[in-house]
Amino acid sequence: MSLRTLPLLFINLGGEMLYILDQRLRAQNIPNDKAKKVMNDIISTMFNKKFMEELFKSQELYSKKALRTVFDRLAHASIMRLNQASMDKLYDLMTMAFKYQVLLCPRPKDILLVTFNHMDAVKEFIRDSPSILNQVDETFRQLIETYSCLPAGEFQLIRQTLLVFFQDLHIRVSIFLKDKVQNSNGRFVLPISGPVPWGTEVPGLIRMFNCNGEEVKRAEFPPCGSYTSALTEGSFDLFGDRVIKLGTNMYSISRPVETHMSGTLKSSAARTKENAAPNPLAKEELNLLAQLMGGPEVKKAVGNELGFRLNLFGTDEEEDNATTIRPPELSEDVINIQATKDQQQHEELTRIMGEFRVQEQPGHSRSKGDDLLAMMDDL
């Protein structure tokens, strides 16, 4: 397992979340000022400097439940609200889209290019907000500094860690089903043709060498697919052509997107308890994450900043129906992250929490002082 996987997982899932929200905000004709505020608030919260510093520390992945909690809070970091069914659908789309991208990466290091595609898109969303753009650029530079010099073996470990994280998720998505890249059981169909990874040759030739390293014989064989050489390597700089399209916006063409749970997913419900509690080795990191995410304060809308509800389904009836048919083990209430006691004990974290304040969804409350792990145990 690679201990450098968490930032890539978080940023790529966040990028997919922003694509989906942008598409739905447009589809529901949300006024431009409100839509822009939602995107700016979420991105500003997501790329908070102290939060990013914590994520970039070498550490094991958080549990699925802990990571889902973070994105629940991020999705509600502005005036927008999602009910449980829409939040479930949003997270399903995010995770399946990134899982597909990881599977399709021609070589493990291309996961970094996928991340850079997401970062390029994030910068486009907030191009008119210089202060937020500076936050994103700082994270971009940190990505380059941390990952550009890693050896191929480390990227292979990162890819395997991501695939292990996603291995039990087999949610059917209408876009993938229509494009015939996903089977009815929720498993992806991987191509056997196309461009080969950068730096490799098209299969079909066997070279044989003697003990002196001299080529003495060649033999050809018919490959199983139609392959082409990669023309150029994608740019790993702050600006440049990433070459690969993985990580770009697949929702740019307006079309309905539905998610359906496959039988495979339902059969993995027995793993719910395992995923509900984070790895004990990550206890300190999770508690600090709780401190960074802030307390359960609910900010009331002021002036014209009235909140609105976003529906990721075609109609309210579809959203209500999704709530009733979803298995109960996958429809738990959102975890509330609180750090009131720790806030009083640590002046530095008090200041950080002042910078990183996220609105809480109404209707969920707990007694003060519970830490993240205790709340997860209640699920």
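How many helices and strands are there in the protein? There are 16 helices and eight strands, where helices (H or I, at least four residues) and strands (E, at least two) are DSSP runs numbered from the N terminus.

1. Basis of the note. This is a predicted model, in which local features need pLDDT of at least 70 and side-chain atom pairs count only at pLDDT 80 or more, while totals for chains, interfaces and linings use all residues. Residues are numbered from 1 along each chain as its sequence is written, and side-chain values use heavy atoms, with hydrogens and water left out.

2. Of the 379 residues in the protein, 49% are buried; buried means under 20% relative accessible area, exposed over 50%, and partly exposed in between (1.4 Å probe, protein chains only). Among contacts between residues at least 6 apart in sequence, 81% join residues at least 24 apart, a contact being heavy atoms within 4.5 Å.

3. Helices α1 and α4. The axes of α1 (residues 6-27) and α4 (residues 64-75) come within 12 Å and cross at roughly 40 degrees. Axes are lines fitted to C-alpha atoms, for helices over the stretch in contact, and angles run from 0 to 180 degrees between N-to-C directions. The two helices α1 and α4 are therefore oblique to each other; angles under 35 degrees count as roughly parallel, over 145 as roughly antiparallel, 65 to 115 as roughly perpendicular and the rest as oblique. The crossing of α1 and α4 is right-handed, that is, the near helix is turned clockwise from the far one by less than a right angle. From α1 the contact draws on Leu6, Leu9, Phe10, Leu13, Gly14 and Met17, and from α4 on Leu67, Val70, Phe71, Leu74 and Ala75. By class, this contact has 10 nonpolar, one polar and no charged residues; Ala, Val, Leu, Ile, Met, Phe, Trp, Tyr, Cys and Pro count as nonpolar, Asp, Glu, Lys and Arg as charged, and the others, Gly among them, as polar.

4. Helices α2 and α7. Helix α2 (residues 32-46) packs with helix α7 (residues 130-147) at an angle of about 40 degrees, their axes 9 Å apart. The crossing of α2 and α7 is left-handed. Asn40, Ile43 and Ser44 of α2 meet Ile132, Gln135 and Val136 of α7. The residues of this contact divide into three nonpolar, three polar and no charged.

5. Aromatic pairs. The whole structure holds 11 aromatic pairs; rings of Phe, Tyr and Trp (its six-membered ring) pair if their centres lie within 6.5 Å, with planes under 30 degrees apart counted as stacked, over 60 as edge-to-face and the rest as tilted. The rings of Phe71 and Tyr91 have centres 6.3 Å apart and planes at 50 degrees, so the pair is tilted. Phe71 belongs to α4 and Tyr91 to α5 (residues 84-104), 20 residues apart. Phe71 is buried at a relative accessible area of 0%, and Tyr91 is buried at 9%. Phe98 and Phe166 have ring centres 5.8 Å apart and planes at 85 degrees, so this pair is edge-to-face. Phe98 lies in α5 and Phe166 in α8 (residues 152-166), so the pair ties together parts 68 residues apart in sequence. Both Phe98 and Phe166 are buried. One aromatic cluster is formed by Phe10, Phe51, Phe71 and Tyr91.

6. Gly186. This residue is found in the loop between α9 (174-178) and β3 (194-195). Gly186 counts as buried, at 0% relative accessibility. The C-alpha atoms of Gly186 and Ile171 are separated by 5.1 Å, with the two residues 15 apart along the chain.
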